[in-house]
Amino acid sequence: MTLNVTKKLIKDHLVFGEMIPGNEIGLKIDQTLTQDATGTMVMLELEAMGIERAQTEASAQYVDHNLIQVDSKNPDDHLFLQSAAHRFGLYYSKPGNGVSHPVHMQRLAKPGKTLLGSDSHTCANGCMGMLAMGAGGIDVAMAIAGKPFYVKMPEVWGINLTGELPDWVSAKDVILELLRKHDVKGAVGRVIEYYGPGLAHLSAMDRHVIANMGAELGATGTVFPSDGEIKNFLKTQGREEDWIELKADKGATYDIDEEINLSNLEPLIAKPSSPGNVVPVTEVAGTPIYQSYIGSSANPGFRDFAVAAEIVDGKQIAEGISLDINPTSRQMLTDLVQASHIKSFLQAGARLHQAGCNGCIGMGQAPATGRNSLRTTPRNFPGRSGTKEDSVFLCSPETAAASALTGVITDPRTLGKRAPKVKEPKNVSVDVHLLEKPLPYEEAKKMKLQKGPNIASIPEMSELPNHLELPILLKMGDNISTDEILAGGSRVLPYRSNLPEISKFSFEIIDPTYYERGKKTVDHGGHAIVGGFNYGQGSSREHAALAPRYLGLRVALVKDFARIHWQNLVNFGVLPLTFMDSNDYDQLHEDDILILEDIKTKMKQGNEFSIEVKGKDNKINVRHLLSPRQIEIILAGGLINWVKTTNKEAL
């Protein structure tokens, strides 16, 4: 039987179910990744479940999101995360070491392994011949405990890359081309696997750029083969012994086939406020900008910064422009300094920031009101930058640098026929000092968790009642992101380990009255929300499910869900339902009351049933896509309850 790379990885890690698309499967997880915006909750979950020691081959806790220390909340949480990493046997990446995804790629990623991360862009490490997936924090906590990760078996979308990228076109334009053609739902229920002769012209970090934004297509993961390029990358990191070859079998087939001729691509850009709103740069050329921002896990490589530095070398950025340089790892920053690229940026008038996520997650570098920001980040959802009325465009480093020089969106091809040619350093500055290794068990079990005053335990959640009468508090449209459900940024994320406080920001972008209205329903059975297609796209942060649940959310009824948010709702006991007829969406309004009778029996008898609308004659036919295991979790009121009461042997 011939297999593609994705199916080889799944077959090697399959512990439950069959490899039939749409069926629930369980996968053994070799490595986990958590970051500080989500990891604090994961560590509290490990504590709540009584975990003694990580059972994975490698688990790492990164501090990369919440680096701004305007008061004690973030530094207190950094100390908590360090103590938890020591206690539970995890690697700990200190503040300033860099963004989790490229640092993990440099130090821990291994071809042939599975990686589960409480960050939706964990899929970036699929560039290394891994099956790397994002998930909610509690799923990652279970994986740290040695338990399988359950997911629906994906289709495998094979993309045959041919040709070679022209001058001024780079890896970012490859993934933007896919988003242009297929939009933000294009890969839901799929793993994207790249193959073909075009791979010979893409470096390991180029592949990281492409794999990273598979999340923006809704993909379960992105997979590249492990070939000679990956071997060379690991060799530069002093880890050649971790390499294995992993390629698709000759004659391997895919569920969906597509070809992209790299030679035909041109500079592309995603207009506000969706990564799928992609057009050629020429279509918006001349649009004034206020900011040009280079960095993030979506363009983390040495080449991504170096080519921009070469473009601005010896020149000055346009008057009134903020050129923000956001290094992605300390190792990368050191190499850029040694090659004098940082000097080029600074002399051109750029601003240099610390290695971390920073502006990508709204932690600094927020744009001015009513001004356009050009960014190499992966997302431009409304308000994500930290400015409520933001106008963010997504582009390549070439376009960002060219535009910084002119002050308007500029096609980089106008700078000349030949783009700068950048050479990777022969000897990279491997830096292991800020990535602490796990403590030996005997030493680890003596460690105490250091909890600052902002850390609150997870409140208990009640089981699902058999009868529900739920007012609809919100009716929303399509493509509602987790940034809109619960914002990131410097105002919100410092409360990531304090559920009562972070819940105050729930849905504030959509309806600032939601918090108070939701609180009033908690003691009266809760409430429901209604949404359109692709509800919950974007970040994996489980707070977007947990905070509304804390405020009484019991049912989310939408046209369809984004994968990670759907799973997070299940994990915290919120019943995710979809319309059988999407036209029924038009029959519902805010303040309508949904009546769900004998819900426990109906869920067990089948995945389709009807619900009533109080005071109206019509019924709404709905379905759930829950497995028997997930039904038990929902009825118990969430995964923590299920583990504690009905499945104690799970840990």
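Predicted model: local features only at pLDDT ≥ 70, side-chain atom pairs only at ≥ 80, totals over all residues.

What follows is a short chat about cavities, pockets and one threonine.

Biologist: How many cavities of 30 Å³ or more does the count come to?
Modeller: A cavity is a space where a 1.4 Å probe fits but cannot get out. With the cut-off set at 30 Å³ or more, the count comes to five.

Biologist: Which helix gives the most to the lining of the largest cavity?
Modeller: That cavity holds about 210 Å³ of space. It has 21 lining residues, and Ala215, Gly218, Gly538, Ala562 and Ile564 are the closest to its centre. By class, the lining splits into nine nonpolar, nine polar and three charged residues. The top contributor, with three residues, covers 563–571 and is helix H19.

Biologist: And the second largest cavity, how many polar residues are in its lining?
Modeller: Here the space is about 170 Å³. Of its 20 lining residues, His65, Asp119, His121, Ile361 and Arg384 lie nearest the centre. Next to five nonpolar and four charged residues, the polar ones number 11.

Biologist: Now the pockets: which element gives the most to the lining of the largest pocket?
Modeller: This pocket has a volume of about 620 Å³. Its lining has 28 residues, with Lys152, Val188, Gly189, Phe561 and Leu625 nearest the centre. Strand S8 (149–152), H19 and strand S24 (575–579) are the elements that each give two or more. The one that gives the most, four residues, is S8.

Biologist: How many residues in the lining of the second largest pocket are charged?
Modeller: We're talking about roughly the next space down, at about 510 Å³. It's lined by 20 residues, and Val169, His201, Asp206, Arg303 and Lys421 are the closest to its centre. Take out 10 nonpolar and three polar, and the charged ones come to seven.

Biologist: Last one: is threonine 376 buried or exposed?
Modeller: Threonine 376 sits in the loop between strand S18 (372–375) and strand S19 (391–394). The cut-off for buried is under 20% relative accessible area. Because its own value is 0%, threonine 376 counts as buried.

Technical notes:
Residues numbered from 1 in each chain as written. Heavy atoms only, no water. Buried < 20%, exposed > 50% of the residue type's maximum accessible area, 1.4 Å probe, protein only. 1 Å grid on protein atoms, 1.4 Å probe; cavity = no way out; pocket = protein on both sides within 12 Å on 5 of 7 lines; lining within 4 Å. Points joined across faces, edges and corners; volume = space filled by probe spheres on them. Nonpolar A, V, L, I, M, F, W, Y, C, P; charged D, E, K, R; others polar.
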